[in-house]
Amino acid sequence: MHNLIKRAAADLAASNHAIVLTGAGVSTESGVADFRGPKGIWTTNPQAEAQAYQRYERFLNDPKAYWEEMLDTVGSGSYFYRQMREVAPNPGHHAIAHLEQLGIVKCTITQNVDGIHEKAGTRNVMHYHGAVEKLRCLSCGSRFGVDEYSLEKLPPLCRCGRPLKYDVVHFQEPIPTDIMDAAEEEAMKCDLMLICGTSAVVYPFAALPAMARSRGRGASGVKIIEVNADPTPLTHQGISHYLIQGKTGEILPLVVDEVGKLLSQRDKHE
Ligand code: APR
């Protein structure tokens, strides 16, 4: 394990455009359950997953009914919402923020809707599956803070007059094109991709590493590193160059320490 941590630190320190991809696994040490791990939301409650697959269709057919259900589930009165408001970053989130402050990580693309990366101080965050604190118009693409609407009159309406939905991307819902394009641009631009806490089974997000890897070898090649509690299809298919298996909250701070040592050695020699 220690060699892999040193290897990841050396790869990060040598990179020119590193990006980070994250999933629910980076937030479990903050007390937010993941989806498909042993204690995951879908693993422990398959009915909730089946319900989640109906949400997008429900919004398209009956936005008012969608909102009534959502307010119960994730609305400001719900446990989920309160938890999202109170939850704090863990050392894994802080390590990613630190790598950004060092100028090594250029962008963090997350599947998480919890907003914890920003709480840890990470600035350049792309919410690939949306954010729980926002509303979005499917018609004109506008986004609003959830606090900008009283949610007494349902469904809330966009300035363009169309009903708004939560910004969170539901199953079967297309990823907003602005986010999808920006994420693909980063995958095509990066020379290192650090993938943390995701089972890498949900598409199109899970296609980003292969997209980057397909850019070939040598100078134009990309280093793909996973930090995850378990191997994933990226590991098994050889899309990632290596996996550091364990908890992101324990491993990422060690990687950052090693990067710090390398950068100070580099400064001494310059
Ligand atoms: N450190 C490292 N890995 C962890 C940790 C941890 N502390 N805790 C859990 N993991 C790993 C799990 O073993 C699992 O492989 O993180 C992964 C989390 O995978 P999922 O639960 O599938 O979450 P994610 O990949 O983010 O799901 C993708 O699916 O349900 C939808 O929209 C939802 O954005 C979500 C998407």
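**The ligand and the sheet**

So, starting with the ligand shell: by class, there are six nonpolar, 11 polar and five charged residues around the ligand. Keep in mind that this is a predicted model. In total, 22 residues surround the ligand, and the closest are F35, R36, T198, S199 and D230.

The side chain of R36 puts an N or O atom 2.7 Å from an oxygen atom of the ligand. For A24, a polar backbone atom sits 2.8 Å from a ligand oxygen. Then there's G25, where a backbone N or O atom is 3.3 Å from a nitrogen atom of the ligand. And how much of the ligand gets buried? Taken alone it exposes 730 Å², and the protein buries 92% of that.

Okay, on to the sheet. It's an open one, six strands with parallel pairing, and the order is β3-β2-β1-β7-β8-β9. The edges are β3, residues 125-127, and β9, residues 242-245; each has a single partner strand, so one side of each has no neighbour in the sheet. From one strand to the next, the twist averages 20 degrees.

Zooming in on one pair, β7 (192-196) and β8 (223-228) run parallel over five bridges, with L192 standing opposite K223 in β8.

Now the helices. α1, residues 2-14, packs on the sheet and touches β1, β7, β8 and β9, with its direction at about 125 degrees to that of β9. Helix α9, residues 177-189, also packs on the sheet, touching β1, β2, β3 and β7, and its direction makes about 135 degrees with that of β3.

Definitions and conventions:
Residues numbered from 1 in each chain as written. Predicted model: local features only at pLDDT ≥ 70, side-chain atom pairs only at ≥ 80, totals over all residues. Heavy atoms only, no water. Near = heavy atom within 4 Å. Polar contact = N/O pair within 3.5 Å; in protein donor to acceptor, adjacent residues only side chain to side chain. Areas by Shrake-Rupley, 256 points an atom, 1.4 Å probe, with all protein chains shown as cover. Nonpolar A, V, L, I, M, F, W, Y, C, P; charged D, E, K, R; others polar. Pairing = 2+ DSSP bridges. Helix = DSSP H or I, 4+ residues; strand = E, 2+ residues; numbered from the N terminus. Axes fitted to C-alpha atoms, helices over the stretch in contact; angles between N-to-C directions. Contact = heavy atoms within 4.5 Å.
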